[in-house]
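Hi everyone, thanks for coming. I'd like to walk you through one model today, going residue by residue and then helix by helix.

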Amino acid sequence: SECEYLDMSGEQIAKFSPEKAQEAASDLASYAIYIQRVLNKEKGILRWLDSRINLTIAGELNSYNGYYSHEQRRAVAIINNKYAKELEEFKITSQLKVDMLEGLTFQINQLCRTISRLKWVDQH
């Protein structure tokens with residue numbers, strides 16, 4: 001489940017007590033670690049899918065006559081192979097997840113720093 005502190009406004013953050021700020025920063029840091037793990041898993045899945053697709057269509061790539069770029073031959077080979085096409089669909093879904101998650105850990109960590117700085121300023 002999504003971390004409750006992701007959608008906070010600056011006004012809400014400014015009202016935090018030092019203890020609440022510490023709690024929010026800790027929860028956000030934990031959530032960033034979780035997101036990074038999911039992202040790493042999806043990237044691993046993408047590499048695996050790409051390898052399986054390449055192994056599945058390797059024998060077909062050179063059977064296309066005429067001038068085709070490698071990407072065009074690869075795409076045609078995937079379309080003509082039911083298993084490779086299924087793997088490609090999984091790859092597209094996984095790539096969408098990676099695209100959505102990439103950069104999110106950086107943004108969460110920036111929010112953690114902001115909250116931590118606010119806590120430090122309030123204490124001094």
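Let's begin with Glu88, which is found in helix α4. When I say helix, I mean a DSSP run of H or I with at least four residues, while strands are runs of E with at least two, and both are numbered from the N terminus. Before going further, please keep in mind that this is a predicted model: local features need pLDDT of at least 70, side-chain atom pairs count only at pLDDT 80 or more, and totals for chains, interfaces and linings use all residues. Residues are numbered from 1 along each chain as its sequence is written, and side-chain values use heavy atoms, with hydrogens and water left out.

How confident is the predictor? The scale is pLDDT, the predictor's confidence in each residue, from 0 to 100. The protein chain has a mean pLDDT of 89, with 95% of its residues at 70 or more. Confidence is highest in helix α4 (residues 82-101), at a mean of 97, and lowest in helix α5 (residues 104-123), at 80.

Back to Glu88, then. Is Glu88 buried or exposed? Its relative accessibility is 19%, so Glu88 counts as buried; the rule is under 20% relative accessible area for buried, over 50% for exposed, and partly exposed in between, using a 1.4 Å probe and protein chains only. Which residues does Glu88 touch, if we skip those up to four places away in sequence? They are Ile53, Arg74 and Ile78, where contact means heavy atoms within 4.5 Å.

Arg74 deserves a stop of its own. This residue lies in helix α3 (residues 70-79), and Arg74 is buried because its relative accessible area is 10%, under the 20% limit. Again not counting residues up to four places away, Arg74 touches Asp50, Ile53, Asn54, Ile57, Leu61, Glu88 and Lys91. Take Asn54 as one of these: Arg74 and Asn54 are 20 residues apart in sequence, and their C-alpha atoms are 8.4 Å apart in space.

Now for the helices themselves. The axes of α3 and α4 come within 7 Å and cross at roughly 110 degrees. Here axes are lines fitted to C-alpha atoms, for helices over the stretch in contact, and angles run from 0 to 180 degrees between N-to-C directions. Angles of 65 to 115 count as roughly perpendicular, under 35 degrees as roughly parallel, over 145 as roughly antiparallel and the rest as oblique; α3 and α4 are therefore roughly perpendicular to each other. On the α3 side the contact is made by Arg74, Ile78 and Ile79, and on the α4 side by Ala84, Lys85, Glu88 and Lys91. By class, this contact of α3 with α4 has three nonpolar, no polar and four charged residues. Nonpolar covers Ala, Val, Leu, Ile, Met, Phe, Trp, Tyr, Cys and Pro, charged covers Asp, Glu, Lys and Arg, and the others, Gly among them, are polar.

What about α2 and α3? Their axes come within 10 Å and cross at roughly 85 degrees, so α2 and α3 are roughly perpendicular to each other. Asp50, Ile53, Asn54 and Ile57 in α2 meet Arg74, Ala77 and Ile78 in α3. The contact of α2 with α3 divides into four nonpolar, one polar and two charged residues.

Val98 counts as buried, at 3% relative accessibility. Leaving aside neighbours within four places in sequence, Val98 is in contact with Leu39, Glu42, Lys43 and Leu46. From Val98 to Lys43 there are 55 residues in sequence and 6.9 Å in space, C-alpha to C-alpha.

My last stop is Val38, which lies in helix α2. Is Val38 buried, exposed or partly exposed? At 24% relative accessibility, Val38 counts as partly exposed. Val38 and Leu101 are 63 residues apart in sequence, with their C-alpha atoms 8.4 Å apart in space. For Glu88 and Val38, 50 residues apart along the chain, the C-alpha separation is 20 Å.

That's my tour, and I'm happy to go back to any view.
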